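Let us read some side-chain contacts together. Have the sequence and the 3D view open.

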Amino acid sequence: MSNHPATITKTSILRELWSDTVRTSKELFKITIPAVIVTKLLEEMGLIGYLSQLLEPVMALMGLPGSLGIVWATALITTPYSAIAVFASLAPTMALSSGQVTVLCSAMLIAHSLPVELSITKKAGAGVLPIATLRLLSALAYGMLLNLMCRYFGIWQEPVQLFFSGNPDGGSLIQWAISQIFNLGLIFSVIFCILTAMHLLRIIGFVRLLEVLLRPVLPLFGMTERAAPVTVVGMILGLGFGGALIIRETTTSAMNRREIFNSLALMSLSHGLIEDTLVMMAIGGKLWGVLFGRVLFSLVVIFLVDRLLHYLSGTGKTTVNAAGKTR
């Protein structure tokens with residue numbers, strides 16, 4: 001057995017990746033498995049149809065069947081990974097296009113994990129209500145816009161290719177359980193591949209390249225150079241990273257309240273640009289929709305929000321500021 005330093009390094013990296021995958025999957029499955037079981041119970045009790053009817057008007061605005069509403073609802077409350085597990089149990093019995101899956105993925109990427117992520121943005125200095133409203137309305141607006149573009153230009157209309165197994169009509173609970181175990185195993189594999197890809201992208205400097213490309217653009221959206229670095233980190237690596245950095249920055253008073261709000265708002269609409277994008281592409285989302293279009297849309301929204309805040313701050317009227325407080 002070779003003890004060459006390169007071999008030892010590769011082995012340690014693989015061991016670390018495997019350990020991270022197991023740890024991440026363990027925490028994820030604590031949420032995912034109950035969500036899948038509840039979905040199955042709702043299906044067996046015939047309640048999926050009722051939920052679909054309730055959610056159908058909202059989902060129809062984005063060109064999606066009402067039954068996918070439970071997928072987005074799962075993402076809103078828990079995580080996109082849990083929503084993927086629910087999606088895996090429903091999608092094989094549905095005739096979905098690549099465009100529809102891209103719309104669903106985009107909505108989930110803009111608005112997900114609200115209980116956790118809203119607590120982060122609140123602690124970092126932005127009000128819960130403004131950020132929650134912004135995320136939900138932006139997810140719906142982008143979903144509608146993307147659906148209209150897909151239909152108008154006739155793009156991504158081909159049936160989506162699914163890697164998940166479904167429960168055949170009339171299948172037994174054992175067959176259903178086997179298919180779900182397969183799906184969970186597939187999710188585990190996806191997590192390992194994504195963590196590996198993230199590691200490689202950092203090694204080759206791709207993450208750093210994104211930072212360099214985004215940094216000079218952010219001042220156009222109501223943020224100075226003080227806010228640019230933490231915003232870029234949050235957009236690329238996740239809201240938790242960005243929020244933690246902003247919390248640290250606010251203690252030094254380096255950023256004003258409007259910068260803080262704009263930074264957190266942009267991070268809320270577009271974060272985890274590498275990891276989350278890879279996750280959604282793994283279930284059929286198209287890169288141009290879940291990444292490039294989402295980032296462009298987010299920048300436009302924040303530009304408009306900043307102009308609105310600037311206008312309101314100059315009217316001298318009583319308004320609600322970025323922290324959600326009346327002034």
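Q: How many salt bridges does the structure hold?
A: A salt bridge is a side-chain nitrogen of Lys or Arg within 4 Å of a carboxyl oxygen of Asp or Glu. The structure holds four of them. This is a predicted model, in which local features need pLDDT of at least 70, side-chain atom pairs count only at pLDDT 80 or more, and totals for chains, interfaces and linings use all residues. Residues are numbered from 1 along each chain as its sequence is written, and side-chain values use heavy atoms, with hydrogens and water left out.

Q: Which residue meets Arg135 in a salt bridge?
A: Glu117 does, at 2.8 Å from N to O. The pair links distant parts of the chain, 18 residues apart: Arg135 is in helix α7 (residues 128-153), Glu117 in helix α6 (residues 114-124). Helices (H or I, at least four residues) and strands (E, at least two) are DSSP runs, numbered from the N terminus.

Q: Are Arg135 and Glu117 buried or exposed?
A: Buried means under 20% relative accessible area, exposed over 50%, partly exposed in between (1.4 Å probe, protein chains only). Arg135 is buried, and Glu117 is buried too.

Q: What does Lys286 form with Glu158?
A: A salt bridge, with the closest N and O atoms 3.6 Å apart. Lys286 lies in the loop between α13 (275-282) and α14 (287-315), and Glu158 in the loop between α7 and α8, so the pair ties together parts 128 residues apart in sequence. Lys286 counts as partly exposed, at 27% relative accessibility. Glu158 is partly exposed as well, at 35%.

Q: Where are the partners Asp306 and Arg258?
A: Asp306 is in helix α14 and Arg258 in helix α12 (residues 257-269), 48 residues apart. Their side chains meet in a salt bridge at 3.2 Å, N to O. Asp306 is buried, with a relative accessible area of 0%. Arg258 counts as partly exposed, at 29%. A network of salt bridges links Arg258, Asp306 and Arg307.

Q: Why is the pair of Trp18 and Phe188 edge-to-face?
A: A pair of aromatic rings is described by the distance of the centres and the angle of the planes. Rings of Phe, Tyr and Trp (its six-membered ring) pair if their centres lie within 6.5 Å; planes under 30 degrees apart count as stacked, over 60 as edge-to-face and the rest as tilted. By this rule there are six aromatic pairs. The rings of Trp18 and Phe188 have centres 5.3 Å apart and planes at 70 degrees, so the pair is edge-to-face.
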